[in-house]
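Could you walk me through this model in my viewer, telling me what to select at each stop and what I will find there?

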Amino acid sequence: MSIEKEQQLVFEEIDKSWEEELAFLQKIGRFKSTLGNETALQNYLADYFKEELELEVDKFVPDMKELSSHPAFSPPEWSYDGRPVVVGKAEAEGPKKGKSLILQGHIDVVSAEPEKEWDYDPWGSTIEGNKMYGRGIQDMKSGVAAFIFAYKAIKEAGIKLDGDVILQSVIEEECTGNGALAALERGYTADAALIPEPFGQKVVQSQVGVIWVRVKVKGLGAHTERANEAVNPIEKAYVIVDALKSYREHINSRAKHEDFKHHPHPLNVNIGKFHSGDWPSSVPSECVLEARVGFYPGQDPADIKKEVKDWLLEAAEKDSWLKEVQPEITFYGFHADGVSLDDTTPLFQTLDQSFEQVVKKPLERTVITCTTDIKYYNLYYDIPATCYGPVGGNMHGLNEWVDLDNLKEVTKVYADFILRWCGTKNQTEET
Ligand SMILES: [Zn+2]
């Protein structure tokens, strides 16, 4: 049987099981798998891998102690108890001439708050027209559905792959990346890894690094009748807000990394949390704000942390109160390197072929101003890895959605990629 015939059979399977794929995506979209709440969905997926896909399943909780000595470890402030990573492995039978592949996706999603502002139930997986809405539907449960149904279609078509395939559902992508790191440290490696993060019809060639910083500003709390003698930490925190804004301007005014030279604003510094006070008639005692800082591939996250800390302390020095009561600057969560990829490797070449086969046009490259799990594979395990996933919108915002026609196309690209990358027994026997 020719490879074209095999592709045809698999594409027909994807068309045939399309309703099932949609129902599956709706089902996993309804699990509220925010940080700390991934267990139910992970259990569901572990069962699905075992029962429906007949994979050898490994469900394990990341070992924080073991991971913490890894140079790419990001320190969390929460426990991993009861929060497993799920791996399903399909070992190719007999002697293998093909290459092995990891298909990985994260099922942790960010909060949907303020939920009442959504036009759709964020946990309802509503389909309207050609779109499905929900928190995490685009980022990235649709991608997880795509690789699961791509693999399933190959299996249903009765095609035997000539390389091992490892399917992974990980946690912690939105805050540390330690789920992906834990699977690698457990020994799940392959000749390549593909992650269907949803960056439209484009493949990722470069991504920035990310750190999180927390700044605690102390004030002098009091009843408002003595507010003139008090120091309001919310007002003082604006010194830090301004410093973060000027830091953002500073880093974007420096020479750009080659990969990002055409990007208008590659490095975002985002203030994502700002908490203080609990009573209008009390001057609060402290204000805590947290920010996320982007930086270029090749820069060391530890150096960036130092630069951010020095920048903020310098700004504090210019304020009479903060000079005396220095803000407390700490780091947790993301300690993520940026990564720049060679887009001429066999991984990209094969993905180019699969994309062109299905979509009938060349696969464009993109650089992204956020982080994904591909950093670990490329930088620490010498495994070529990239992201290519469906078109959607509003990720991390209200009314997040994915384009369903496009999702079907992505499922076919993934299936075609698996056939080409792993090879099939049928093809090796013929050659
Ligand atoms: Zn994502």
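Start by selecting residues 346–359, helix H10, together with residues 404–422, helix H12. In this predicted model, the two helices pack with their axes 8 Å apart and at an angle of about 130°. That angle is why H10 counts as oblique to H12. Turn the view to look through the pair, and note that the crossing of H10 and H12 is right-handed.

Next, show the side chains where the helices touch. On H10, pick Pro346, Leu347, Thr350, Leu351, Gln353, Ser354, Phe355, Gln357, Val358 and Val359. On H12, the partners to select are Glu409, Lys412, Val413, Asp416, Phe417, Arg420 and Trp421. Colour this contact by class and you will have 9 nonpolar, 4 polar and 4 charged residues.

Now move on to the largest pocket, which holds about 960 Å³ of space. To centre your view, select Val110, Glu174, Trp212, Phe334 and His396: of the 31 residues that line this pocket, these are the closest to its centre.

Which elements give two or more residues to the lining? Select strand E9 (209–218), strand E11 (269–276), strand E13 (286–295) and strand E14 (328–336) to see them.

For a last stop, colour the whole lining by class: the pocket has 14 nonpolar, 9 polar and 8 charged residues around it.

Terms used: Residues numbered from 1 in each chain as written. Predicted model: local features only at pLDDT ≥ 70, side-chain atom pairs only at ≥ 80, totals over all residues. Heavy atoms only, no water. Axes fitted to C-alpha atoms, helices over the stretch in contact; angles between N-to-C directions. Helix = DSSP H or I, 4+ residues; strand = E, 2+ residues; numbered from the N terminus. Parallel < 35°, antiparallel > 145°, perpendicular 65-115°, else oblique. Left-handed = near helix turned anticlockwise from the far one by under 90°. Contact = heavy atoms within 4.5 Å. Nonpolar A, V, L, I, M, F, W, Y, C, P; charged D, E, K, R; others polar. 1 Å grid on protein atoms, 1.4 Å probe; cavity = no way out; pocket = protein on both sides within 12 Å on 5 of 7 lines; lining within 4 Å. Points joined across faces, edges and corners; volume = space filled by probe spheres on them.
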